[in-house]
Amino acid sequence: MSNRPLSHAKLRLLCRQLVTAIFSSSLLLPYLGIEPVQAQVTEFCQISPTATQTKEKLRLSALKGNQDARKRYQGLIKQQAQELQKCRSRTWPNIQAMWLRLYPCDMKPGAIDQIMDRMVNRGYNEVYLEVFYDGRVLLPASANPTVWPSVIRTKGAEKVDLLATAIQKGRQRGLKVYGWLYTNNFGYNYALRRDREGAIARNGKGQTSLYVVDNGSQVFIDPYNEQAKRDYYRMVQEIVRRRPDGLLFDYVRYPRQAGSNSIATKVADLWLYTEATQAALFRRAQNKKGLELIRRFLSQGYVTPADINDVDQLYPQEGEPMWQGRIVPPQQKSLMTPTARQPILQMDLWLLAIAHSMQGIIDFVSLATHPAKQINIPTGVVFFPDGNQTVGQGYDSRLQPWDKFPNFLQWHPMSYATCGNVNCIVEQVQRVLSMAQPGTKIIPALAGNWGESVSNRPPLEVQMQALRPFASKLKGVSHFAYSWQYPEHDSDRKSCR
């Protein structure tokens, strides 16, 4: 039996009610504010080619042991850090960040220096460094108490701490270094552990995310599972011990599915079929009638007039079936037949299932950010602007409730839309701005490259020009990613060439 159609606005309103009840100068003009003695900083707060080459020559000479070159290199780094800070303070966006992944080959002397120098050369003042991705963590193998393997597993390099090194090298250059973590996606390594099988999310078709995500490496967990919470919390604690300048949580959602499965239209599409999630759902019942109908809805995918009549007969002393968030108008109570009540109860049960799924994500984010909040390290969430939408009778399968994240978290909407121009990108950013609470720090993530179109997206400077009218509401932007801007260097670093 299918759910009744419901308008986008009504579904959003009901979901929101349920969840609540449940718990300077333009960047794109030549930069003219720098004094002549600091004219190395040019358009977009980027370092001039001449200064860039001078710095790289000094870095290479210093690597070969030239002490004079080392001293001059360190002096130039310090000078450029000051120039960058001044430029960014006067130029929109005040925050310009780049996303970065490090590899074991980056252990080589001077490798991280070169990467961080390139950040400064391009005018970036923040780096979003992947510290937990694809089931691996950027911690030294000798100091990794987590259930995940370290990124570096080279014999003899057990004590190499790329995270700590990157933070240090970044700060020397005036860069803030944030840790960027996958969140509900724990990676394939987690699925290999027999003692963690109960922590992996399942839908009503008996599938885990391994069966619904194309690349077969994404393992999404049950956000209500206590073991998964403990595992993740411990890992975040270890990252926080390195004192990054902030933490960003990505994959704060359920799996993205393809085709018709990209829209959840029935309860079996939802990731509710694990012990912890179901136990938490049953606790939302506020009377025995409510509990029994939740059980039947979960197992059958619907409730019938006969189910409602059965429940009425089982618990005659109770009124309407009730659960958290359910509001029954006084005129409706006990006045309708089971047949008349069936579509109302079925829709209310569907909305409860959606809200319960989303609340699991919200609660997990709250837990994940706690270690950083305790010592006042800023935290943020990374999300798709369209990941929280209703689609017809259904809901985007990612069930990403970003509009319900608190405004003390930074919001990093991945504004990656492709339509051959900037219009769809601007629309995504506008949607986030329209739904954000006052005071929310919004830093859109843009995909692309400087000076050229990539993957049907305009150049970065064109995308940022399009966002310039919203400068008062957007204090920063980030660019995905280092690997897009320096593809050859990224490939070389992967293979130690």
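## Ile 263 and its strand

Ile 263 lies in strand β6, which spans residues 263-264; helices (H or I, at least four residues) and strands (E, at least two) are DSSP runs, numbered from the N terminus. The model is predicted, and local features need pLDDT of at least 70, side-chain atom pairs count only at pLDDT 80 or more, while totals for chains, interfaces and linings use all residues. Residues are numbered from 1 along each chain as its sequence is written, and side-chain values use heavy atoms, with hydrogens and water left out.

Ile 263 is partly exposed, with a relative accessible area of 24% (buried means under 20% relative accessible area, exposed over 50%, partly exposed in between, with a 1.4 Å probe and protein chains only). Not counting residues up to four places away in sequence, Ile 263 touches Asp 269, Val 391, Gly 394, Tyr 395 and Ser 397, where contact means heavy atoms within 4.5 Å. Gly 198, 65 residues from Ile 263 along the chain, has its C-alpha atom 25 Å from that of Ile 263.

## The sheet of β6, β9 and β8

Three strands form an open sheet in the order β6-β9-β8, with antiparallel pairing. The edges are held by β6 and β8 (390-391), each with a single partner strand, so one side of each has no neighbour in the sheet. Two strands pair if DSSP finds at least two bridges between them. Between β6 and strand β9 (residues 394-396) the pairing is antiparallel over two bridges. Ala 264 has Tyr 395 in β9 as its bridge partner.

## Strand β1

Six of the six residues of β1 are buried, so this strand is largely enclosed by the rest of the structure. Both of its faces are covered: the buried residues are Ile 95, Ala 97 and Trp 99 on one side, and Gln 96, Met 98 and Leu 100 on the other.

β1 pairs with β12 in the parallel sense over four bridges, and Gln 96 stands opposite Val 477 in β12. β1 also pairs with strand β2 (residues 126-133), in the parallel sense over four bridges. In that strand, Leu 129 is the bridge partner of Leu 100.

## Packing of α9 and α10

Helix α9 (residues 288-300) packs against helix α10 (residues 305-314) at an angle of about 150°, with the axes 10 Å apart. α9 is therefore roughly antiparallel to α10. Axes are lines fitted to C-alpha atoms, for helices over the stretch in contact, and angles run from 0 to 180 degrees between N-to-C directions. Angles under 35 degrees count as roughly parallel, over 145 as roughly antiparallel, 65 to 115 as roughly perpendicular and the rest as oblique.

From α9, Lys 289, Glu 292, Leu 293, Arg 296 and Gln 300 meet Asp 307, Asp 310, Val 311, Asp 312 and Leu 314 of α10. The residues of this contact comprise three nonpolar, one polar and six charged (Ala, Val, Leu, Ile, Met, Phe, Trp, Tyr, Cys and Pro count as nonpolar, Asp, Glu, Lys and Arg as charged, and the others, Gly among them, as polar).

## Backbone features

A cis peptide bond with omega about 0° joins Trp 92 and Pro 93; Pro 93 sits in the loop between α3 (67-90) and β1 (95-100). The bond from Phe 480 to Ala 481 is also cis, with omega near 5°, and Ala 481 is in the loop between β12 (476-480) and α14 (482-485).

Asn 376, although not a glycine, has a positive phi of about 60°. Asn 376 is in the loop between α11 (338-374) and β7 (379-383) and is exposed, with a relative accessible area of 69%.
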